[in-house]
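I opened this notebook page to look up charged side chains.

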Amino acid sequence: MSEPQGSEGTTQRLPVIERAEPDRRDDSAATAGYGPPAVPEAGTAGGAHRFWSARRVPAGLVALLLLLLAGIFLYDIAAVRAHRPAMHWRRTLSEQLATRPLDDTWVLVGAGAAAALGLWLLVLALTPGLRGLLPMSRTHPDVRAGLHRDAAAMVLRDRAMEVAGVQSARVRVRRRKADVRAVSHFRELDDVRADLDASLGEAVRGLGLARPPALSVHVARSTGKKG
C-alpha cells in the first residue's frame, strides 16, 4: 500500500503519542496499604505551625453588641430628625460626660473596663488558640493534620501499660512536654524507667508530630498490700 503524499510529493509520517503504562506493582501496593510510610517532604515538616481558632463566640458577641448599639443610635437619631425628644438615657449620658471630671471613680472604672475589653480582643486576634491540637508533620504541602493532646496521651498511656512491671500510668501531654507518671508493683524501678523511656520514645516518634514533646518519666513503687 502506498503512503499518502504531501503537496510537494514527499512522504509524511504522522506523529505517534506513546502512553506510558503504570507500574501495577506500585499501584497494588498503594491500594492495599502496604509499603513504607510516607516521608515528609523537605522543608514541610519543620514549617508546621499551630492551628488558628476561628474565634466564633467572641466575634459573634462583638458583632451582636455593635449591631445593637448601632440600631439603638440609629433609632434615636431618626427620632430626633422627626422632631421627637431624644431618649432619656442618651440625654443623661451626655450630661454626665459633660459635667463629670476625668478623675471621677466611675469614669476611671469605665475606662478600665473598656481598656481590658480591648486588650482581651487584641490577645484573641494575635494568638492562634486551639492549644489542645498538636500540629503533625506535613507529608504534602497542601495537607495539614493535627492530633488532639488527649488522643496522644491515650496512645502513650496504652504503650506504658504494655511495659512489664507497670501497674498504672497517668500521662499528660502539653505542647512541649509529655509528663508520664507510672506506678510499678514489681521489678526494679530503674529497669522499669529504662523500658518506659525506650518504649515511650518510640511511641512519641510514631505520633508523627511536627514538634515531638520531651518526655518526663517518673516511676514510683506501689504502696498497695499484696495478697
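I started with R181, which is partly exposed, with a relative accessible area of 40%. I am working from a predicted model.

I looked for the partner of R181 and found a salt bridge to D179, at 3.5 Å from N to O.

I then asked how many salt bridges a search of the whole structure finds. The search gives 7.

I looked up R90 and D76, whose side chains form one of these salt bridges, at 1.9 Å from N to O. R90 sits in helix α3 (residues 88-99) and D76 in helix α2 (residues 56-81), so the pair ties together parts that are 14 residues apart in sequence. I checked the cover on both residues. D76 is buried, at 1% relative accessibility, and R90 is partly exposed, at 26%.

I also noted the salt bridge between D158 and R157, at 3.9 Å from N to O. For D158 I have a relative accessible area of 38%, which is partly exposed. R157 also counts as partly exposed, at 38% relative accessibility.

Next I turned to the surface charge. Which residues gather in a patch of positive charge there? I wrote down R131, R175, R176 and R211.

I placed R175 in the loop between β3 (166-173) and β4 (177-184). R175 has 32% relative accessibility and counts as partly exposed.

Key:
Residues are numbered from 1 along each chain as its sequence is written. This is a predicted model: local features need pLDDT of at least 70, side-chain atom pairs count only at pLDDT 80 or more; totals for chains, interfaces and linings use all residues. Side-chain values use heavy atoms; hydrogens and water are left out. Patches are made of residues with over 30% relative accessible area and no salt bridge: like charges are joined within 9 Å, nonpolar side chains (Val, Leu, Ile, Met, Phe, Trp, Tyr) within 5 Å. Accessible areas come from the Shrake-Rupley method with a 1.4 Å probe; for residues, only the protein chains shown count as cover. A salt bridge is a side-chain nitrogen of Lys or Arg within 4 Å of a carboxyl oxygen of Asp or Glu. Lys and Arg count as positive and Asp and Glu as negative; His and the chain ends are not counted. The place of a charge is taken as NZ of Lys, CZ of Arg, CG of Asp or CD of Glu. Helices (H or I, at least four residues) and strands (E, at least two) are DSSP runs, numbered from the N terminus. Buried means under 20% relative accessible area, exposed over 50%, partly exposed in between (1.4 Å probe, protein chains only).
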